[in-house]
Amino acid sequence: MARHRHSSVGVALLCLMLATPALGQVDNRLEAYTGRNATGYLAPLVDAFRSNLNSGLFHTADVPVNGFHARLDLNVMSTFFGEDSRTFLATTEAGFSPEQTVRAPTVVGPTDAVVVDGDASTKFAFPGGFNVDNMYFSAPQLTVGGWKGTEAMGRLIIYDTGSSELGRLNVWGVGLRHSLSQYAHGLDPVDLALAGYWQNAELKNTDDQRVIDARLATLSLQSGVPLGSFYPYAGLSVGWWEMDVHYGFDEVVSADPQVVEFRTNGDFQMTLGVSYQVGFIAAYGEYNFAAQNTVAAGLSVNFPFSNRSVTQ
C-alpha cells in the first residue's frame, strides 16, 4: 500500500514543548495518518492546550469599585494525561483492504505501534505515541483597575521552538472583569465577578507560513470569600475554541496543504482553588475540571496592598 509522508509540524511543536523526540521521529510516527485519524491522534494534546490556556486566569473575585490597583501574576499551568487519553479508535487509511478499526495509541500514548494484517499479506501500522505524562506552560499576566468595579487583564506566552521549520509560538490574551458584588451587598463577604477573555495563539515558520492558528473565547463567573490570610475561590466558565493545524505532503509537491481542524462550542470548565497572602505577595494553587483536567499555581505581586482580599 502506497502512503504519502507528511510533515506533522503541529504535533512536532507540542512534542518539542514537552522535550519529546526530535522532529524527524515525530514525522515517522504520523506518516500513516490523515483526516479523522490525525484528529484523534492529536486530540489529547489539543485539549490540554485549551485547558492550560483557560487556567490561571484569576485567583480572586474581589474587584474594587474605585481606586487604582495593579497585579502582576506569574502563572504555571500543567495538564497530566490519564489512561483514557492514551488511546483512540483509529481506522485503516484509504487503499488498505479490508478496512479495520482498532484501539491505537494517541500522540501521548504508548510507544509501541499496533499492526493489523490485510489482503495479499499487506500490513498497516498504527504508529505509537511518545508516552507523554504532562504538558505545561508558563504565562506572565498583568491586571489593572479600577473604574466602577471594572479591570483589564493581559497575558503573554512566547515560546521559541529552536526549529527553523516551526519558528516561534506566540500566545496573547486580553480580558475584562466586572464586580457583581457591588450590586448585591447582601452577599457580603462573598465576592462575585463576571469576566470575559479572548486568547489567540499563532505559530509561523521562518517562511512566514502558518503552522498553528488558535482562538479561545471564554465567559467566566467567579466567586471567592476572604478567610483571614486564606482566600478560597471558585469559577465556572464556558469557552468557544478553534484550532487549525496546517501541514503539507513532503513527497508530493503538487498536493494541496492540509488542515486539521478542531472546534469546540460551549465547553465548560470548573475551577477550585485557594490563595494565601503574605504582605504584598500572594501564592495560589487551583484545580481545573475540563476535557483534560489541569492544575495551576503561581505568585502574585499586588499594588496597593489591601486586607479585603488576599490578592488585592
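Student: Why is leucine 72 called partly exposed?

Tutor: Leucine 72 has a relative accessible area of 40%. Buried means under 20% and exposed over 50%, with partly exposed in between (1.4 Å probe, protein chains only), so leucine 72 counts as partly exposed. Please keep in mind that this is a predicted model, where local features need pLDDT of at least 70, side-chain atom pairs count only at pLDDT 80 or more, and totals for chains, interfaces and linings use all residues. Residues are numbered from 1 along each chain as its sequence is written, and side-chain values use heavy atoms, with hydrogens and water left out.

Student: Where is leucine 72 found?

Tutor: Leucine 72 sits in strand S1; a strand is a DSSP run of E with at least two residues, numbered from the N terminus.

Student: How many cavities of 30 Å³ or more does a search of the whole structure find?

Tutor: There are four. A cavity is a set of points, on a 1 Å grid over the protein atoms alone, where a 1.4 Å probe fits but cannot get out. The largest cavity has a volume of about 90 Å³, a volume being the space filled by probe spheres set on the points.

Student: What makes up the lining of the largest cavity?

Tutor: It has 15 lining residues, meaning residues with an atom within 4 Å of a point. Asn54, Leu57, Phe58, Ser220 and Thr271 lie nearest the centre of the largest cavity. Strand S10 gives the largest share of the lining, three residues.

Note on methods. Helix = DSSP H or I, 4+ residues; strand = E, 2+ residues; numbered from the N terminus. 1 Å grid on protein atoms, 1.4 Å probe; cavity = no way out; pocket = protein on both sides within 12 Å on 5 of 7 lines; lining within 4 Å.
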